[in-house]
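Dear colleague,

Please find below the structure I am handing over to you.

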Amino acid sequence: MQNIFKCLAAVVILGLSLTGAAQQGNPKLPAKAKASAPPNPAKLTREQKFVIDTVRMAVALPEPDQQDRLRVLSTAADVVSPIDKKMARGFWNEGARIESELVRIGQTPAVSMMSSGLVDCTAALNFVENLPDSAVLRAEQSLIGAVTSCPKQALDPVSRKLDGGLGKGVVASRALMAVMAAQGQSSAWSQQHFAKMFDALPDPKENAAEAENIAAMYMQMSGSVGKDIAGKTGLQFLTWLGKVDDSPLRTLSIRITTGAMQQALGAEGYQKALESDLLANATVQNAGEQREIQRPEPEGVSILSAMGNKGADQTERLRGLPATQRAREAAANGFASGTSGDKQQAGKYFDMAFSAADEVWDARTPEANAAAVVQEISEAAAQVDSLNALARAQKLRDSSAQAIAMLAVARVVASNGVTR
């Protein structure tokens, strides 16, 4: 590449020399207008330089776990994209390769670079083409991102992958919905694969968690297909739901499906359909009363509560809390103290928060989102003193935790500027 630039430079210099010689030999020739100098790149602000330097340091840290590496790349790309698209593109493409490898070895990616909508379409196409048909459910979010971001390149390959998955009894209902929306609900592909999906429903015991997604698919498409297909697929799904263990989610899925069937078939057609299938009818009769579904509570700590504790030292109370709660509550109290002007007390709280974050990270499991804890306390610290927060982030015991914390600080600086 450097040789190319040197050659181009030589050509430009030679051309200028010949132009000058011609003008001297024939003074009547008008002098050519001077070529305008290329515009200088925009100078980075102090905050932008801080963000780029921090992102580079974070991404350079080693992450032995590929899921952690994917988290770091996804966050780094998101943080730096408004400042340096080229740097972000490199992170997106590396992340897409890791995402593909994780799916290939049987893991579901912790985050999806593909769903960001910013991955290069060539990388998205490579991801889809190298994906085994049997892995479409694990890669469902990635496939949705590929179809949404690069429909021209990815729609047909994703359609083929989902078709191959159905042939193996793997139903990625949300990805199928995305493709049907892109293909058009009345298209031949959508009509055919709607029916094919209910012919290939997976094991109900192992895939009970998919009931709500499949019910949503039925509700979306049942009005766009013929009544005969709407009736047949509705009965197939109700029979499948009859084999799922009783739960509020199962009851909800039955209600969604029967409601959609009544709209698609009409009241009389719906009753005739149920009367024709004893198993489906039994499922509806035994659905039970609709019950509240216990969704996971969003984790977090009330800043307002911490603000009410200003002036009262909470450290003794916090010491007795589990590590995750201690980290979050200490960070909230640190934010409350720091933004009120008591930096010394804030420092004590953040000492406790980052120490607890080390405990959380050391004891983490796939089910516990330790990365979210690290990110939350780092953002709170950065709101008070971003330089101090960066120093704290760099002292965390694990390099992956360090990277996640540093990127959290960079995100705050990108939004609010450097604080001290």
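The model is predicted: local features need pLDDT of at least 70, side-chain atom pairs count only at pLDDT 80 or more, and totals for chains, interfaces and linings use all residues. Residues are numbered from 1 along each chain as its sequence is written, and side-chain values use heavy atoms, with hydrogens and water left out.

**Overall**

The protein chain has 20 helices and zero strands; these are DSSP runs numbered from the N terminus, helices being H or I with at least four residues and strands E with at least two. Of its 420 residues, 45% are buried, that is, under 20% relative accessible area, where exposed is over 50% and partly exposed is in between (1.4 Å probe, protein chains only). Among contacts with a separation of 6 or more, 72% join residues 24 or more positions apart, a contact meaning heavy atoms within 4.5 Å.

**Helix packing**

Helix α8 (residues 173-183) and helix α10 (residues 211-221) have axes that come within 9 Å and cross at roughly 25°. Axes here are lines fitted to C-alpha atoms, for helices over the stretch in contact, and angles run from 0 to 180 degrees between N-to-C directions. α8 is therefore roughly parallel to α10 (under 35 degrees; over 145 is roughly antiparallel, 65 to 115 roughly perpendicular and the rest oblique). The crossing is left-handed, meaning that the near helix is turned anticlockwise from the far one by less than a right angle; clockwise would be right-handed. On the α8 side, S173, R174, L176, M177 and M180 make the contact, and on the α10 side N213, I214, A216, M217, Q220 and M221. By class, seven of these residues are nonpolar, three polar and one charged (nonpolar: Ala, Val, Leu, Ile, Met, Phe, Trp, Tyr, Cys and Pro; charged: Asp, Glu, Lys and Arg; polar: the others, Gly among them).

The axes of α11 and helix α13 (residues 278-285) come within 8 Å and cross at roughly 60°, so α11 is oblique to α13. This crossing is left-handed. L235, L238, T239 and L241 of α11 meet L279, A280, T283 and V284 of α13, giving six nonpolar, two polar and no charged residues.

**Aromatic pairs**

A search of the whole structure finds five aromatic pairs. Rings of Phe, Tyr and Trp (its six-membered ring) pair if their centres lie within 6.5 Å; planes under 30 degrees apart are stacked, over 60 edge-to-face and the rest tilted. The F194 and F198 rings are 5.1 Å apart at their centres with planes at 65°, so this pair is edge-to-face. Both residues lie in helix α9 (residues 188-199), four residues apart, about one turn of the helix, and both are buried. F237 and W240 form a stacked pair, 5.7 Å centre to centre with 25° between the planes. These two are three residues apart in helix α11 (residues 227-241), about one helical turn, and both are buried. F194, F198, Y218, F237 and W240 form one aromatic cluster.

**Two buried residues**

L131 lies in the loop between α5 (121-129) and α6 (140-149) and is buried, with a relative accessible area of 3%. Not counting residues up to four places away in sequence, L131 touches V103, V136, A139, L143 and K161. L131 and V103 are 28 residues apart in sequence, and their C-alpha atoms are 7.6 Å apart.

T258, in helix α12 (residues 248-275), is buried at 7% relative accessible area. With the same exclusion of residues up to four places away in sequence, T258 touches L238, Y270 and V284.

With kind regards
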